[in-house]
Amino acid sequence: MRCFKAIVAYDGAYFLGYAKQPNKLGVQDKIEGALNLLGIKSVVVAAGRTDKGVHANNQALSFHAPKHWNAAKLFHYLAPKLAPHIVLKKLEEKNFHARFDAQKRAYRYLLTKNLKTPFLAPYIACGDYGSLDSLNTALKQFIGKHDFSMFKKEGGVATNPNRIIFNALAYKTFIIGHECVVFKIIGDAFLRSSVRLIIQACVQYSLEKIALAEIQAQIHNIKATIRTPIMANGLYLHRVYY
């Protein structure tokens, strides 16, 4: 068997998350189903298990295929079977594990105050976010190594809650005629819904609905104030570093 590394982008609006689902509506279901049509039976491992509605620009995958498959041939036959909601961007033969070998994951979150068209609703979150300075003040609290037990939803496969956030910031840009705040968060790994809980905490602080001390208390596992993640549609797994 040969091990392959794939880079894919996918539209999370069409799936119930990355992981396999009973109704076969997970990203993993679609990819493994496409491989099965080619006679390849393999578990497809992802660098990050995105939630329902979360998108990916450059999700990294690893899987195995029989030796008669090379990267060029497999790309040719696999890519059309994934389209249109999953795009196979790159495929190479490489002996690695998509999740365990990853060093960093980078996420982006897009948020606008005024969505001008319903056709962007699955891809840009809409809501007030206060001031950019306040968002960045809150985001700075998360940089470093922390126990994120109070910044995760139940479930997931991780057993160690300690994570390192290398960078966290917010900036403004225009996307298809919309002024957006882009949240950029880079960490070694993330617990289930952790990124969305972090962003929700920052937005609530920026809107003066919670105090900075409440964020710090939740980071230090004293008291959980933020329990509901921000909406999923604005979140993208942007890049995986190896």
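Me: How do α1 and α2 lie to each other?
Reply: The axes of helix α1 (residues 27-37) and helix α2 (residues 71-82), which are lines fitted to C-alpha atoms over the stretch in contact, come within 9 Å and cross at roughly 130 degrees. Angles run from 0 to 180 degrees between N-to-C directions; those under 35 degrees count as roughly parallel, over 145 as roughly antiparallel, 65 to 115 as roughly perpendicular and the rest as oblique. The two helices, α1 and α2, are therefore oblique.

Me: What pLDDT do local features need in this model?
Reply: Residues are numbered from 1 along each chain as its sequence is written, and side-chain values use heavy atoms, with hydrogens and water left out. This is a predicted model, in which totals for chains, interfaces and linings use all residues and side-chain atom pairs count only at pLDDT 80 or more, while local features need a pLDDT of at least 70.

Me: How many residues of α4 are buried?
Reply: Helix α4 covers residues 194-206 and reaches 18 Å from its first C-alpha to its last. Buried means under 20% relative accessible area with a 1.4 Å probe and protein chains only, exposed means over 50%, and partly exposed lies in between. What covers the buried residues of α4 includes β5, α3, β9, α5 and β10. Of the 13 residues of α4, the number buried is twelve.

Me: What is the relative accessible area of S206?
Reply: S206 has its place in helix α4. Not counting residues up to four places away in sequence, S206 touches Y129, G130, S131, S134 and L135. S206 is buried, and its relative accessible area is 8%.

Me: How far apart in space are M231 and A125, C-alpha to C-alpha?
Reply: M231 is found in the loop between α5 and β10, and it is partly exposed, with a relative accessible area of 37%. Leaving aside neighbours within four places in sequence, M231 is in contact with Y109, A125, C126 and R196. M231 and A125 are 106 residues apart in sequence, whereas in space their C-alpha to C-alpha distance is 6.9 Å.

Key:
Helices (H or I, at least four residues) and strands (E, at least two) are DSSP runs, numbered from the N terminus. The expected span of a helix is 1.5 Å times one less than its number of residues. Contact means heavy atoms within 4.5 Å.
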